[in-house]
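Me: I have just opened this one for the first time. Please take me through it slowly.

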Amino acid sequence: MRLQWSHSVIRVRDLELMVAFYRDILGFQVADRGLLGPEGPEVVFMSGSSTDHHQIAFAKARGEEDASSLEHMAFRVDSIADVRTMFERVTKDDRVQGAAPITHGNAISVYFSDPEKNGIEIFCDSPFSVQQPQIRGWDPGSSDAEILAAVESGFREEPGFMPMDEYRAQKAQEFGENDA
Ligand SMILES: [Fe+2]
């Protein structure tokens, strides 16, 4: 299994200050923003590449007492089979707490924490793109085809639902990746 670095999600105190800094200095664009649940917190996803919906995201959820700004770091794997293998590995390991199979519609993931409670996400891309944030479960006992069918039927009515290839082509244009 090959783990490719993808993105970090960090907790911040001043959301707009952080968004403006990463936009102005690093040239990232806001991909999406919204509430992570009915009560929030608000999250802003930013990217400078068509390959990742977000390369960094900020959640307005950092109190003065919090020791770390890290919400989670994320690694991309090649297949649902790899995500399932990782889910099985971490659910058997007593150093891991709170392993959860989550889909954002555009990814199929397992979230868990390391022994010092740093969040980790292992995910594979889904063939679909959908406006974020989105958080639902998926069934690790299902086949790959059943999981993909459930993701498609579960998210197809959501805003911005389209084939991932189409989303990436749009973003590649926006980021000037096709320019010589
Ligand atoms: Fe993530």
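Me: What do the buried residues of H1 pack against?

Reply: They pack against three strands, namely S2 (29–35), S3 (42–47) and S4 (56–59), where contact means heavy atoms within 4.5 Å. The names come from DSSP runs numbered from the N terminus, with helices being H or I runs of at least four residues and strands being E runs of at least two.

Me: Anything I should know about the model before we go on?

Reply: It is a predicted model, in which local features need pLDDT of at least 70 and side-chain atom pairs count only at pLDDT 80 or more, while totals for chains, interfaces and linings use all residues. Residues are numbered from 1 along each chain as its sequence is written, and side-chain values use heavy atoms, with hydrogens and water left out.

Me: Back to the helix, then. Which residues of H1 are buried?

Reply: Leu 15, Val 19 and Tyr 22 are buried in H1, and buried here means under 20% relative accessible area, with exposed being over 50% and partly exposed in between (1.4 Å probe, protein chains only). Viewed down the helix axis, these buried residues fall within an arc of 70°, so they line one face of H1; the arc is taken from the directions from the helix axis to the C-beta atoms.

Me: Why would residues like that point the same way?

Reply: An α-helix has 3.6 residues a turn, so residues three or four places apart point the same way.

Me: And what does the face turned away from the buried side carry?

Reply: That face of H1 carries the exposed residues Leu 17, Asp 24 and Ile 25.

Me: How far apart are the ends of H1?

Reply: The end C-alpha atoms of H1 (residues 15–26) are 16 Å apart, which agrees with the 16 Å that its 12 residues should span at 1.5 Å a residue; the expected span is 1.5 Å times one less than the number of residues. After the helix comes Gly 27, whose phi is positive, near 75°.

Me: New topic: what coordinates the iron ion?

Reply: His 7 (NE2), His 72 (NE2) and Glu 121 (OE) coordinate the iron ion, at 1.9 to 2.3 Å. Donors are N, O and S atoms within 2.8 Å of the metal (3.2 Å for Na, K and Ca), and water is not among the atoms, so sites may look incomplete. The donor residues are spaced H-x64-H-x48-E in sequence. The two histidines link distant parts of the chain, with His 7 in strand S1 (residues 4–11) and His 72 in strand S5 (residues 70–76), 65 residues apart.

Me: Are those two histidines buried or exposed?

Reply: His 7 counts as buried because its relative accessibility is 3%, and His 72 counts as buried at 6%.

Me: How do S1 and S5 pair?

Reply: S1 and S5 pair in the antiparallel sense over six bridges, and Val 9 stands opposite His 72 in S5. S1 is also joined to S4 by four bridges, and those two strands run parallel, with Ser 8 standing opposite Ile 56 in S4. Two strands count as paired if DSSP finds at least two bridges between them.

Me: How enclosed is S3?

Reply: Five of the six residues of S3 are buried, so S3 is largely enclosed by the rest of the structure. S3 pairs with S2 in the antiparallel sense over six bridges, and with S4 in the antiparallel sense over four. Asp 32 stands opposite Phe 45 in S3, while the bridge partner of Val 44 in S4 is Phe 58. The hairpin of S2 and S3 has six residues between the strands, and there Gly 40 takes a positive phi near 90°.

Me: Last one, the whole chain: how many helices and strands does it have?

Reply: The protein chain has four helices and 11 strands, and buried residues make up 44% of its 180 residues. Its C-alpha trace spans about 45 × 45 × 35 Å along its principal axes.
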